Amino acid sequence: MKTFQILFLILVVAGMAVSCNRQKVGFGNSEVLTYQEPYRPQFHFSPAVNWMNDPNGMVYYDGEFHLFYQYYPDSNVWGPMHWGHAVSRDLVHWQHLPIALYPDSLGYIFSGSAVMDLNNTSGLGEPGKPPMIAIFTYHNQNLRKMGRDDCEYQGMAYSIDKGRTWVKYKNNPVLPNPGLPDFRDPKVSWHAGTGKWIMTLAAGDHVCFYTSPDLKKWKLESEFGKKLGAHGGVWECPDLFELPVANDSGTRKWVLFVSINPGAPNGGSGTQYFIGSFDGHAFNWEESKIKWIDYGMDNYAGVTWSNVEKRRIFLGWMSNWAYAQVVPTHPWRSAMTVPRELSLFFIGNDYLLKSNPVKELDQLSTLLVSKENISVDAKGTELNFNGAELAVSKVKMDVSFENAEELIIEISNPKGQEIKLGYKPGSGELYVNRTKAGKSDFDTTFASRIHQVVVGQKMERVLMEMLIDKSSVEFFFDEGAYALTDLVFPEADYNSIKIQARSGEAHINTIQVYTMQSVWNKSAP
Ligand code: FRU
């Protein structure tokens, strides 16, 4: 071979190696993905390119956590929905797989769930290969355009190769539309007490519970929620599961999630939860106060993984329909929250659902600073970092409020852009203020208000945790009793944390700041 031919060959092989590592972007032919684009999350799940919304079909099987998601592969705004797919062995590192479900003549593939049919009740498995079954909403846009109400119905697909290839069930739809314009987002689970599958489905202003012996024939059992809970928008993406009460051994309660858009307490989309009992037929809400799984703006349509033993793990779409399609990211749009472990407590007179980042995330953190016993007053105490370190970080704090009227944690960049987290022990107000957090000209509502919740019980000392990942801050107050998740678009990396107390002093018992590793292009150790 001539020298130039050998040289040419070497160049081709080298080029191929590079492009395996750095995926080509679907649009803008010459664009190469680095995963270092402005605002690109480094340890949250985001699609390589294009539009994503709700998490779908979350199921665990044979060492893999499956994450399907609402995906539009042709653009980074919403369009005809597909199910994108990724798997992880540790909930932290994700392998991005080909699209699992494509729209067909019955419609777009809207949100839904997946279960492992371990006893092959559906008969769709093969010996030694139980089927993974996806149950989703078909949304027929042609019928919708014709003004018809019956445009959403439920379909099913199955896979006997661990979710790698899918076959749509030949007799779809498995649940036809009963004449309701919003009839979607089936969450299916196995109910051991009655030996049946349960489907929890959102139907406009209520949820419907259906049962089935085989995932193919569904019977309506009951309805819940007309005139109960929040009704500022349409009900979507429910979930239903049982949890032990962590501080009351022997007691178990049922938790019902209902996402609502708009109508969340801080504007736009949000997810309420109801605590009660469920007997396989009907849900009985045992409280009257409306509770939300997150009091920030950006945690929607979240549900939990099925088939995980002894843990209830949640993931939400980290955005809000109020502005999701115009946030300044390219060539992808949207990320998920970190996976969160849920636990239920009885505190005061109330059940409280706590959510905390899964412990698997700890493998990404490296300690940067650890300090203890710092008194803070109005002058405050400041920690400064290299931007890159704080921009992808975790902060843990143990604080006593002493006689302070307000504690403020300010995270800022050299351009003076800041996000503030605050707590007023007297009134119980806990808030996130992103009004000056960075770029916000893409939507008039984005930076227009402070997001807050009033904490019921009196707090003197709390543990808090904060996850910062380029364009998001997730704040977990009082060991996850209150979560606030907010997107931010700072025009330079945040590099400073300042903690202040107003009208009195507070005491930081301990504070640790960790930098977090990127998960892009790395597989689980
Ligand atoms: C919630 C939702 C679901 C629907 C899907 C469509 O964000 O509106 O109700 O199935 O998104 O993408």
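Predicted model: local features only at pLDDT ≥ 70, side-chain atom pairs only at ≥ 80, totals over all residues.
Local features here need pLDDT of at least 70 and side-chain atom pairs count only at pLDDT 80 or more, while totals for chains, interfaces and linings use all residues. Residues are numbered from 1 along each chain as its sequence is written, and side-chain values use heavy atoms, with hydrogens and water left out.

**Strands S28 and S29**
- Strands S28 (residues 429-433) and S29 run antiparallel and are joined by four bridges; strands are DSSP runs of E with at least two residues, numbered from the N terminus.
- On S29 (residues 451-454), His451 and Val453 make up the covered face, whereas Gln452 and Val454 lie on the uncovered one.

**The five-stranded sheet**
- An open sheet with mixed pairing is formed by five strands in the order S4-S3-S2-S1-S20; two strands pair if DSSP finds at least two bridges between them.
- Strand S4 (95-101) and strand S20 (332-333) are at the edges with a single partner strand each, so one side of each has no neighbour in the sheet.
- S3 (residues 82-88) pairs with S4 in the antiparallel sense over four bridges, and valine 87 stands opposite glutamine 95 in S4.

**Around the ligand**
- The shell, counted as residues with a heavy atom within 4 Å, is made up of Asn53, Asp54, Gln70, Trp78, Met81, Phe110, Ser111, Arg184, Asp185, Glu236, Tyr300 and Trp321.
- Polar side-chain atoms come to 2.7 Å from a ligand oxygen atom at aspartate 54 and to 3.0 Å at tryptophan 78, and the side chain of tryptophan 321 has an N or O atom 2.8 Å from a ligand oxygen atom.
- The ligand taken alone exposes 320 Å², and the protein buries 95% of that; areas come from the Shrake-Rupley method with a 1.4 Å probe.
- Strand S1 (50-61), strand S5 (108-116) and strand S9 (184-191) each give two or more residues to this shell.

**Cysteines**
- The count is zero disulfides, a disulfide being a pair of cysteine sulfur atoms within 2.5 Å.
- Cysteine 237 is in no disulfide either, with its nearest cysteine sulfur, in cysteine 208, 15 Å away.
- Cysteine 151 is buried at a relative accessible area of 0%, and cysteine 237 counts as buried at 6%; buried means under 20% relative accessible area, with a 1.4 Å probe and protein chains only.

Notes: Buried < 20%, exposed > 50% of the residue type's maximum accessible area, 1.4 Å probe, protein only. Polar contact = N/O pair within 3.5 Å; in protein donor to acceptor, adjacent residues only side chain to side chain.
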